[in-house]
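Visitor: I would like to learn how to read a ligand site and a surface patch. Could you take me through an example?

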Amino acid sequence: MIVGIPKEIKNNESRVGMTPGGVYELVKKKHTVYVQSNAGEGSGFLNSDYLKAGAVILDSIGEVYAISEMIVKVKEPIAEEYDLIQEGQILFTYFHFASSEPLTKAMIKAKAICIAYETVEDSDGTLPLLTPMSEVAGRLAIQQGAKYLEKPVKGRGVLLGGVPGVAPGKVLVLGAGIVGIQSAKMAAGLGAHVTILDINMKRLRYVNDVMPPHVVTEFSNEFNIRKHIKTHDLIIGGVLLKGAKAPNLITRDMLKEMRPGTVIVDVAVDQGGCVETTRPTTHEDPVYIIDDVVHYSVANMPGAVPFTSTMALTNVTLPYVLKIASLGWETACDANPSLKKGLNIISGTIVYQEIKEAFNWN
Ligand SMILES: NC(=O)c1ccc[n+]([C@@H]2O[C@H](COP(=O)([O-])OP(=O)(O)OC[C@H]3O[C@@H](n4cnc5c(N)ncnc54)[C@H](O)[C@@H]3O)[C@@H](O)[C@H]2O)c1
């Protein structure tokens, strides 16, 4: 198959759909890979790295789309790319169709085969192509939170690890899912005291089994949340109700009960946030303050660390890319139920029911 890797042109997106290592694997299996010049620059991969791996470098994004049977990307195509897409071309990338009617209509019109990373689903209901981004965001949440706890950026002025003779900082993690566990692990590694809350006892038992004793589990309810926000320095929001808006576990009135300079990193911002006062921010302007509480709520946190995020993403996408390239999308999807769940639009027809429901198109 002829596979194309265009440069991401969405604002502030430095990740790339394939590493030179991925190109090497495809070329080894006799596929041809075209990479747009400087596509990997933001993630630390040079044209020369791709050339060494066996890719052909093309100057423009138009050339990559024109020649490729399958396009492998990171973000959904933006308006400038719509007319470049060929009928019958396979697009393998994050789409998040339900959040954009114009994108959905454009992909129907393009008659492409749209396989969405975010709906590839394993038999146990987990989303293998979303997991690594939650891992990145969960770990990064502590790095960012620790920074914004510093006094010059209006934080409480607390060092999370403490020092000999001074107690460590306290981190409250809401949700013991992927984000929550990775956050708890990083905070514990820094020496902070960690309290992690969830409503799922299985998750709490797991955390209790694998984490060190300074990570304490508690059941998530309003009483416990109100109790802990008064004493914790950094609060991480990592709650998810699948397919629904995150619940507002921290309401506006609760901010008054927190100490000035408390930091909230609401990772769940992309699902509306689990804090009532959360609104999406960007890497250029990541924080705002309400009632002396610092809010960090960047909607695409992994974008801050593209070197790590690109590798984490392509580690999990490559096996699927190899299957599609070798078998063609139809046989690959028939042979692999997880990948089949990724099919969203086939040649102008929506095949993923939730997209129709999102726009009342039934
Ligand atoms: N901002 C970003 O850049 C970014 C990046 C990756 C993920 N995310 C988001 O982070 C959120 C968490 O993702 P995840 O992969 O960890 O999800 P997950 O499903 O692994 O974990 C969510 C956890 O929340 C728990 N939960 C549900 N209701 C709760 C409640 N009332 N109190 C406490 N816990 C509760 C669930 O039991 C589950 O353990 C999602 O909204 C995801 O989209 C954001």
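**Reading the ligand shell**

Guide: Gladly! Start with the element that gives the most to the shell around the ligand: here that is α6, with three residues. Bear in mind that this is a predicted model.

Visitor: Which elements each supply at least two residues of the shell?

Guide: Besides α6, they are α7 (178-190) and β8 (193-198).

Visitor: How many residues surround the ligand, and which are the closest?

Guide: A residue is counted when one of its heavy atoms lies within 4 Å of the molecule. Here 29 residues surround the ligand, and the closest are Ser-134, Asp-198, Ser-220, Asp-270 and Met-301.

Visitor: How do the shell residues divide into nonpolar, polar and charged?

Guide: The shell has 18 nonpolar residues, eight polar ones and three charged ones.

Visitor: How much of the ligand does the protein bury?

Guide: The protein buries 86% of the 870 Å² that the ligand exposes when taken alone.

Visitor: And the surface patch: which residues make it?

Guide: Leu-159, Val-163 and Val-166 make a nonpolar surface patch of about 280 Å². To place Val-166, go to the loop between α6 (131-148) and β7 (170-174).

Conventions. Residues are numbered from 1 along each chain as its sequence is written. This is a predicted model: local features need pLDDT of at least 70, side-chain atom pairs count only at pLDDT 80 or more; totals for chains, interfaces and linings use all residues. Side-chain values use heavy atoms; hydrogens and water are left out. Patches are made of residues with over 30% relative accessible area and no salt bridge: like charges are joined within 9 Å, nonpolar side chains (Val, Leu, Ile, Met, Phe, Trp, Tyr) within 5 Å. Accessible areas come from the Shrake-Rupley method with a 1.4 Å probe; for residues, only the protein chains shown count as cover. A salt bridge is a side-chain nitrogen of Lys or Arg within 4 Å of a carboxyl oxygen of Asp or Glu. Helices (H or I, at least four residues) and strands (E, at least two) are DSSP runs, numbered from the N terminus. Ala, Val, Leu, Ile, Met, Phe, Trp, Tyr, Cys and Pro count as nonpolar, Asp, Glu, Lys and Arg as charged, and the others, Gly among them, as polar.
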